[in-house]
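User: I'd like to learn how to read the contact between two chains. Can you walk me through it?

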Number of protein chains: 2
Amino acid sequence: MGPGPSVAHPRALRAQAAPLVGHLSNVMLQQMDEIKQGLQYLFQTASPYVCLLSGTGHGGMEACLVNLLERGERVVIAQNGIWGERAADMAERLQLEPVVLRTGKDDEGGSAFPVDTLIAAVRQHKPSALFVVVGESSTGAHQSLGGGRLGQACRDAGALLIVDTVASLGGVPFLADAWGVDACYSGSQKVLSGPPGAAPLCLSERAWSKIQARTTKIASFNWDLPMIGRYWQWQPGAPRVYHHTGAVSTYFALRECLAVVGEEGLEAMWKRHSDAAAMLWRGLAELGLEPYVADPQYRLVTVNTIRVPDGADWAALVGHCLKEYDLEIAGGLGPSAGRVWRVGLMGYSCTRANVALVLEAFRTGLEAQGWTKKK
Amino acid sequence: MGPGPSVAHPRALRAQAAPLVGHLSNVMLQQMDEIKQGLQYLFQTASPYVCLLSGTGHGGMEACLVNLLERGERVVIAQNGIWGERAADMAERLQLEPVVLRTGKDDEGGSAFPVDTLIAAVRQHKPSALFVVVGESSTGAHQSLGGGRLGQACRDAGALLIVDTVASLGGVPFLADAWGVDACYSGSQKVLSGPPGAAPLCLSERAWSKIQARTTKIASFNWDLPMIGRYWQWQPGAPRVYHHTGAVSTYFALRECLAVVGEEGLEAMWKRHSDAAAMLWRGLAELGLEPYVADPQYRLVTVNTIRVPDGADWAALVGHCLKEYDLEIAGGLGPSAGRVWRVGLMGYSCTRANVALVLEAFRTGLEAQGWTKKK
C-alpha cells in the first residue's frame, strides 16, 4: 500500500511463471498484438503507436524526450515534484532547452498547475513540447489537463503534449485521444498491478510525424521508437524487425493485467479508486490527520499524501505498519521527504479491506506513539 | 535451441511467480546483495561495481558507452557482426568518435580478430576505449582476449576495454579481473537461463574512476551508473538511494539463475557447453553439414552457426523443427542472414538429449527436402 510496486495481481504472477518463448515467435507476437489492444483501451486511444517498452517508467520518460525532441529544442516542464525534476534533468542531459515552471517555492509541495497557467506558458515560451505529470506521486498531486483544453492549446501553439501517467493510469480518468495527448507513458507496477519492467507507451499521429521529420539521429538506440515500432508492427502488415529481446515474461504478465482492466472496465476502476480514497480520507480525518495537498481539486486518489502532524514520528509509524501489520506504506520523496506518509490505492490492492487495514494500522501506530490530535 | 531466449530454468520461473516486494524493502535489498555475489562469481571479479540493469543486453551496451565515454571521445569498435554494428551505431548517436575495425569484407562473416590486430589498432588509434564482442551471436564467432594480453595493451595505451558477453557468459571461460576487462555486460536470457529484462554489468576500478572524472553529464538518466550504483550500494555502507524501481520479479529469477551457476560451478558449465558443441558438430558432420566459422579457433560453442549448403532451404528446415519437434532454432541475422542456421547451446537447455533432438530434426528435415551431401 505504498506508492508502488503495488501488490501484483495473482493472474499476472501466474502468467509470469509460464515457460519462455522466442521474442519473435508467433506466441509472442500474438501476445504483443493483444497487449496493443489492451493499451489502446487503457490509454483510450485509437492510435496504432502503442507498445510496452522493456524498461521502467523512467524509460518511458527518457524515450519520449529523446525521440520527440532534438538537441536544442525547447521543452516546458511543469514541475511540481520529483517527476518534473527528473524530466528537467533528462532534458539537460539530452541537450534540450528546458524551461521549468514551478507551482511555488520548493518547500510548498502538494500542488498542481491551473490549466490556464500551463496554457499561458505554452503561448509565452513557444516550446516544441510541454511536459506534465498527471499523478505526481512524490506529493500526491493530480494535474488536470482541463479536458481537451491543454491539448488544444498545445496544438494551436505547435507544441507536443507529453504526459507522465505512471502513478495514475487506470486509477483516474484519462482520455489520450479526446484530450489531445501526443505522448504518454506509464508503469506496469502501479494501478496495472504487474511486475516492474515494462512501460506502456502511446504516441499520437502528430508525435509520430514529428519523429519522422527529425533531422538528427535519435540519441539512443535502446529507446529508438521507430525501431521499437517495427518490432511492435506499428505499420500494418510491415515485417517485424528485431530491435531487442522483449521482456517475454513481463509481457506475459502485462497481457493478463490488461485483460483484468478490460474485464472490470475503466469507469468501474476509476470509481473503485475514488471510492477507496474517500473511505481512506474519512477514516484519516477521524484520526485527526490531514491531506498534504490542501486544495481538494489537486488531490490524487492513487497516491494519497498524509501530512505528518507536529509531534508525530513518521518513520516510527512506517515501521509499525510493517512490523505489526506486514503492511508497506511510504514516507515522502523529494520535496515531501519527512513531511508526509504516502498510501497507495492502486489496482489489485485497492480494496475496502485494505483501506480498513491501513486505517487500523494508523490508529494503533499513532496510539503507540502517544500522539493524539490537539483539541 | 535458438540464440536466445533459451529455455528458462524452472527455478527461475518459480522465483518469478513470487509476490512482489518493495524495490527498497529489506527482502529486495538482500536479493540484490546476493545477486552481486553471484555476479562477482559469474564475471570472475572482485569488483564491487556489479549490478543488474533493468533492461536487456542492449541496455548494457548503451550504458557502457554513455557512461564511460564523453562526447567527442574515440572508441575503437571491433566489428565482426551485428553487435559491433550496433555499438558503432550507438556511438554515433552519442556523438562519440567511432573507429570501426572489420575482419574482412562485409560478406565474409564468421570470423573474429587476431588479438595482435586489436592490440595494434589500440596503439595506432589511441582511443579512450576498445569495444569487443566475445560471442558474436549473429555469426557464431568467438573473440579471444588473448588471456590478459588485450587488457594489458589497453591499460598501457590508456584505453578502457569494454566487452560484450551477452551470448557467451557462463558458457565459455571469461575472467574479468585476470584479463583486465574494464566493463562488461551480459543478458539474462542466454546461458543464465533467466527471463529477458535484466542485464548483468561489471565495471573495473579504472572504469569507475573514468566515470568519476567526467566533465560532462551522462547523457542518459535511465542508464546513469553512479545513480544505479547508489541503488545497488557500490560504496559499502552508503545509503541506498532510489533511482528507478528495479525489476523485482526478474531480479528474483536472476537470483535463482545465479545460484544455479554457483551450484554447478563455472568450470563444469564451460565443459558442459564445450562437450555439447563437440557432440553437435560430430553429428552435423555425419549429416554432411559444415560450420560457418571456418577457423576452429574462432568458433563459439554457445551459438553454433551451420552453413546452409547449396540446394537446401534454410527456412523450410526451421519450420520443420518447429512443426515436427516443437524445437526452435534460428536462421541468420545481419551478415549471416540466409546463410546459416543458428543453434544455441545455452544453460539449462544445453543437454545431450537436446543436442540429440536437434540432430534428429536436422536429419529428418534435410531428408524431407531431399537434400543429401554430394559425394
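Analyst: Let's go from the overall interface down to one residue.
This is a predicted model, where local features need pLDDT of at least 70, side-chain atom pairs count only at pLDDT 80 or more, and totals for chains, interfaces and linings use all residues. Residues are numbered from 1 along each chain as its sequence is written, chains are lettered from A and ligands numbered from 1 in the order in which they are written, and side-chain values use heavy atoms, with hydrogens and water left out.

User: How are the two copies related?

Analyst: Two copies of a chain are related by a rotation about an axis and a shift along it. Chain A can be laid on chain B with an RMSD of 0.0 Å by a turn of 180° and a shift of 0.0 Å along the axis (least squares on the C-alpha atoms of residues with pLDDT of at least 70 in both). The copies are thus related as by a two-fold rotation axis. They meet through the same surface, because 100% of the interface residues of chain A are also interface residues in chain B.

User: How many salt bridges are there between chain A and chain B?

Analyst: Six, counting a side-chain nitrogen of Lys or Arg within 4 Å of a carboxyl oxygen of Asp or Glu. One of them joins the side chains of A:Lys217 and B:Asp89, at 3.3 Å from N to O.

User: Is B:Ser220 buried or exposed?

Analyst: B:Ser220 is buried, at 4% relative accessible area (buried is under 20%, exposed over 50%, partly exposed in between, with a 1.4 Å probe and protein chains only). Leaving aside neighbours within four places in sequence, B:Ser220 is in contact with A:Glu62, A:Arg93 and B:Val66 (heavy atoms within 4.5 Å).

User: Which side chain does B:Ser220 join in a polar contact?

Analyst: That of A:Glu62, at 2.5 Å. A polar contact is a pair of N or O atoms within 3.5 Å; within protein, one must be able to donate a hydrogen and the other to accept it, and residues adjacent in sequence count only if both atoms are side-chain atoms. The side chain of B:Ser220 also reaches the backbone nitrogen of B:Asn222, at 3.3 Å.
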